[in-house]
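This report describes a structural model for a computational reader. Please keep the sequence and coordinates at hand while reading.

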Amino acid sequence: MSMNFSEFKRKLGAEPRNEDPEFLRARHSSPEFKEAAEAADRFEAKLERAASVPLPEGLIDDILALAEHSPERSAGRNWWPMAVAASVLIAVGAAGLGWKMNHRWESVEEYLVDHYRHDGDKMVVMADGSSANDVQAVLSKFDVSAAPAFAEIVSVIKYCPTPDGKGVHMVVNTENGPVTVIYMPHTQVADREMLAFDNVEALLVDLQSGSAAIIGAGVKSVSELYTLVQASIIPTPISS
Amino acid sequence: MPVMNTEAGRQAKFNQLAQAYGSDLYRYAMWICGNDALAKDLVQETYLRAWKALDKLNDTGAAKSWLITILRREYARTFERKVPKFTDVDSVVVPDDRELEPDDRAEIKQLRQGIMKLAPKYREPLLMQVVLGYSCEEISKQLDISKSAVMTQLFRAREQLKQRLRKDGVTGNVHELF
């Protein structure tokens, strides 16, 4: 039994590229069917065009590099920060640094500049109110937890790459405006080292487990968060 | 492809997955999270998890579906509550449409906005079909809903997009679409 027009239109709307022989035959079975099929083809071409998204440069290379640089393989690799002065001003090249997962950051300073330029501003803009539960859930993956005073002011949280594997990117709301905190579970830093790049300041924090970088506009905004961050991100107590 | 247990074999298998599906995964991620940086993070996180669990993938024919499952879970787990809703087509990086006729450009833009505004239950199967090239059967398996439900959602998704074009009064070729 041949397909009726109503059924044909339904299939056309659901799967216009369907190659079922009966469907293909129906496309040419009458002028009415043919016209509907051609209109659907035109719409589909526009839909495919609308849905097409250009690929970022180096996407596949970055994916390929993941295996090479995964924490499994780099376990045991010790990262030691460069000896640094108390305050370091990082010279910023006009070209900037490309964000690459396969980038071997030579220092935590280079990593921070690279990372913040990649999505620091975007993350600050999208701050929309993560719950304290989100914060604890994400941090628990690294066997640390956050004190409520800190967890409650985190407005965005997500995983992110760090020099030594996966870490956490947070944006916190403070009286001085939004401030970025990057938790680096396996990276050692020189405590209280200050960096300045672009229009932001960064303060490194040595934690009981891993380290963090506080990044924001102005020394005051990052310094005032130092004590809270250091006291708040702590190893999760082992339950007996 | 035979299962290779050596490190080189594992690497080769991973490379094949990256080359074959990395682009599709990025495009899909881009549409579901609407942000270039997040989409890249999502794809990288997906492949990182895939690398760690690669030994569990015995059927390479199911690799694409396996990767999409990882990506969807990762999105739900990590980003779903943090990503702002789409409000502007400019939030999605789109190809240069300058070579198109003005009417076509307007329609494409309206369609992009329409895709963004579709409810997830319509948007997701539509993107699986249009971006990933999935059949209704494959979408049904991926979303764990009946094939009939998938067809209904796809039909309604397209109808909503067409209605949007009519409602927004895009002129010119739009009348030829229906």
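## Basis and conventions

The model is predicted: local features need pLDDT of at least 70, side-chain atom pairs count only at pLDDT 80 or more, and totals for chains, interfaces and linings use all residues. Residues are numbered from 1 along each chain as its sequence is written, while chains are lettered from A and ligands numbered from 1 in the order in which they are written.

## Confidence

The model has an ipTM of 0.80 and a pTM of 0.57. Two residues are in contact if their C-beta atoms, placed from the backbone, lie within 7 Å. In residues 171-178 of chain B, pLDDT is likewise under 50, with 16 contacts beyond four places in sequence.

## Make-up of chain A

Chain A contains nine helices and nine strands. These are DSSP runs numbered from the N terminus: helices are H or I, at least four residues, and strands are E, at least two. Of the 240 residues in chain A, 38% are buried. A residue is buried if 20 or more other C-beta atoms lie within 10 Å of its own, exposed if 12 or fewer, and partly exposed in between, with C-beta atoms placed from the backbone. Among contacts in chain A with a separation of 6 or more, 56% link residues 24 or more positions apart.

## Helix α7 of chain A

Helix α7(A), residues 132-140, has V135(A), V138(A) and L139(A) buried. Viewed down the helix axis, the buried residues of α7(A) fall within an arc of 95°, so they line one face; the arc is that of the directions from the axis to the C-beta atoms. On the face turned away from this buried side are the exposed residues N133(A) and S140(A). The cover over the buried residues of α7(A) includes β3 (154-162) and β4 (165-174) of chain A.

Strands pair if DSSP finds at least two bridges between them. β3(A) and β4(A) run antiparallel, joined by eight bridges, and a hairpin connects them through two residues. P161(A) lies opposite K166(A) in β4(A).

β4(A) is also joined to β5(A), residues 177-184, by seven bridges in an antiparallel arrangement. These two strands form a hairpin with two residues between them, and N173(A) stands opposite P178(A) in β5(A).

Note on methods
pLDDT is the predictor's confidence in each residue, from 0 to 100.
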